[in-house]
Amino acid sequence: MKQFLFATDNDWAGLVLRLTVGLILFPHGAQKLLGWFGGPGISGIMEWLTQVVKLPWIVAAAVVLIEFAGALAIIAGVGTRFWAVAVIGLMVGIVLTSHLQNGFFMNWEGSKSGEGYEYHLLMIGLSLGLLILGGGRYSVDRLLMD
């Protein structure tokens with residue numbers, strides 16, 4: 001199990017994927033947990049996710065955990081494959097519960113009622129890369145295997 005979770009090459013691809021996923025995901029988590037970047041903070045997001053989106057509180061809490069702690073763990077390369085699977089599950093869930101009906105494209109012109117799912121597909125693809133490659137260069141995962 002340790003081999004599957006932490007094994008990685010000393011390549012740049014894993015580092016690039018980690019930083020891309022983590023640095024994109026972190027502000028979303030910080031909005032939800034801390035209220036940074038104009039976000040609602042933990043009480044506001046939990047209320048919205050449980051009452052408007054109708055998620056069970058444990059799923060809503062997992063959303064916040066994955067977007068905040070998962071992003072930080074991915075940036076550091078700690079349990080990269082575990083968090084990559086979590087991000088994939090999160091993005092699939094977000095598409096199915098909130099974005100599928102809006103089509104593929106983002107709502108750049110503001111002409112649709114919501115955002116499409118292209119961003120989520122990008123995050124799924126990047127996370128699949130992390131699942132395959134692992135954390136790569138400068139990851140804690142790599143240190144754990146030495």
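Mentor: R18 sits in helix α2. Keep in mind that this is a predicted model. Is R18 buried or exposed? Its relative accessibility is 2%. The cut-off for buried is under 20%, so R18 counts as buried.

Now see what R18 touches. Leaving out residues up to four places away in sequence, its contacts include L23, I74, I75, A76, G77 and T80. Also among them are L130, G135, G136, R137, Y138 and S139. Take L130. R18 and L130 are 112 residues apart in sequence. In space, their C-alpha atoms are 7.0 Å apart.

Step back to the whole helix. α2 covers residues 12-34, which makes 23 residues. From first C-alpha to last, α2 reaches 31 Å, close to the 33 Å expected at 1.5 Å a residue. There is a bend, too. α2 bends by about 25° at F26, and the proline P27 follows within four residues.

Among the buried residues are G14, L15, L17, V21, G22, L25 and F26. Further along come G29, A30 and K32. What covers the buried residues of α2? The cover includes α3 (41-52), α4 (57-76), α5 (80-99) and α6 (118-133).

Finish at L34, also in α2. L34 has a relative accessible area of 38%, so it is partly exposed.

Technical notes. Residues numbered from 1 in each chain as written. Predicted model: local features only at pLDDT ≥ 70, side-chain atom pairs only at ≥ 80, totals over all residues. Heavy atoms only, no water. Helix = DSSP H or I, 4+ residues; strand = E, 2+ residues; numbered from the N terminus. Buried < 20%, exposed > 50% of the residue type's maximum accessible area, 1.4 Å probe, protein only. Expected span 1.5 Å × (residues − 1). Bend = angle between axes of the 7 residues up to and from the residue. Contact = heavy atoms within 4.5 Å.
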